[in-house]
Amino acid sequence: MVLPFLILLSFIRSLKILAPFSMVANAVLCVCLGIIFVYVFQHLEPSTSLPQFGGWDRLPLFFGTAIYAFEGIGIILPIENRMKNPHDFGGWTGVLNLAMVCIAALYCAAGFFGYLAFGEDIKGSITLNLPAEPIYIAVKLLVAAVIFYSYSLQFYVPFEILWPTVKRKLRTETRIKYGEYLFRTGLVIFTFALAAAIPKLDLFISLVGAVGSSFLALVFPPLLEVSTFGMEGMGRLNWKLWKNAFIFLFGLVGFVLGTYVAIQEIVLSFQADAAANHHN
């Protein structure tokens, strides 16, 4: 039922048209977060009643989930390039830093207080822990609507990366025109099928974060800076080079450990589900 509307939304090519959708979605999401926080604050447990550290073996999963949370790295450059005043994007008080600080604060607050409220029973999405009452059902529907309307913005970058390769194989303007719509439709159906087929959302988020987001945010940027500027402009004692080396190694170690642990947990989860179904 949702798929046809998602396909139509993916046909929008301009970021200027997508921006109002994203703005409305963010406003609705803030309202939903406010309602969720009110419920969470009413059910807080003492911090002494919960484990304060999950163990070193859980850190790779945390790495994948945390780095995935900032996967918007892929749309930073397209947004900056299409801003009326691109110089307002960077800087200490620029759009990027202010947005990332606010997002990080919200993530930390939701994770910390959500854990205090639900403890070890916390689900892959905090909305799954909300009771089946009208107001919280409405919150879940609104969050689903926010994801729906923000999908096209997230869809923009991978399409722009993949489409030129396909476009070169289409010879006529007619084929390019209809081929673009077919390609957009195929990508939406593919992602929709993946979303429907994935049962363990939290584990797959960690896997995607460890595999994809770690390279986008930590591995590729230092390599690009060094390959672009070379050894010139690396600062006194080449501190920028050492900085890039540390970020690169940190991302690489996180990728290896995060991917291994996430895949291991996914396999164990499927095996446990298969065993439970066999006994039933």
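Here's a quick briefing on the overall build of this chain and the cavities inside it. Keep in mind that the model is predicted. The chain has nine helices and zero strands, and the structure holds two cavities of 30 Å³ or more.

**The chain as a whole**

- Start at the N terminus and the elements read α-α-α-α-α-α-α-α-α.
- Taken along the principal axes, the C-alpha atoms fill a box of roughly 60 × 55 × 45 Å.
- Of the 280 residues in the chain, 28% are buried.

**The largest cavity**

- This one has a volume of about 40 Å³.
- Its lining is made up of Leu33, Ile36, Phe37, Val40, Ala110 and Ile126.
- Helix 2, which covers residues 15-41, gives the most to that lining, with four residues.
- Sorted by class, the lining has six nonpolar residues, with no polar and no charged ones.

**The second largest cavity**

- Here the volume is about 30 Å³.
- Around this cavity you'll find Ile12, Ser152, Phe155, Tyr156, Phe159, Glu160 and Arg184.
- Helix 6 (residues 134-167) supplies the largest share of the lining, at five residues.

Technical notes
Residues are numbered from 1 along each chain as its sequence is written. This is a predicted model: local features need pLDDT of at least 70, side-chain atom pairs count only at pLDDT 80 or more; totals for chains, interfaces and linings use all residues. Side-chain values use heavy atoms; hydrogens and water are left out. On a 1 Å grid over the protein atoms alone, a cavity is a set of points where a 1.4 Å probe fits but cannot get out, and a pocket is an open set with protein on both sides within 12 Å along at least five of seven lines; lining residues have an atom within 4 Å of a point. Grid points are joined across faces, edges and corners, and a volume is the space filled by probe spheres set on the points. Helices (H or I, at least four residues) and strands (E, at least two) are DSSP runs, numbered from the N terminus. Ala, Val, Leu, Ile, Met, Phe, Trp, Tyr, Cys and Pro count as nonpolar, Asp, Glu, Lys and Arg as charged, and the others, Gly among them, as polar. Buried means under 20% relative accessible area, exposed over 50%, partly exposed in between (1.4 Å probe, protein chains only).
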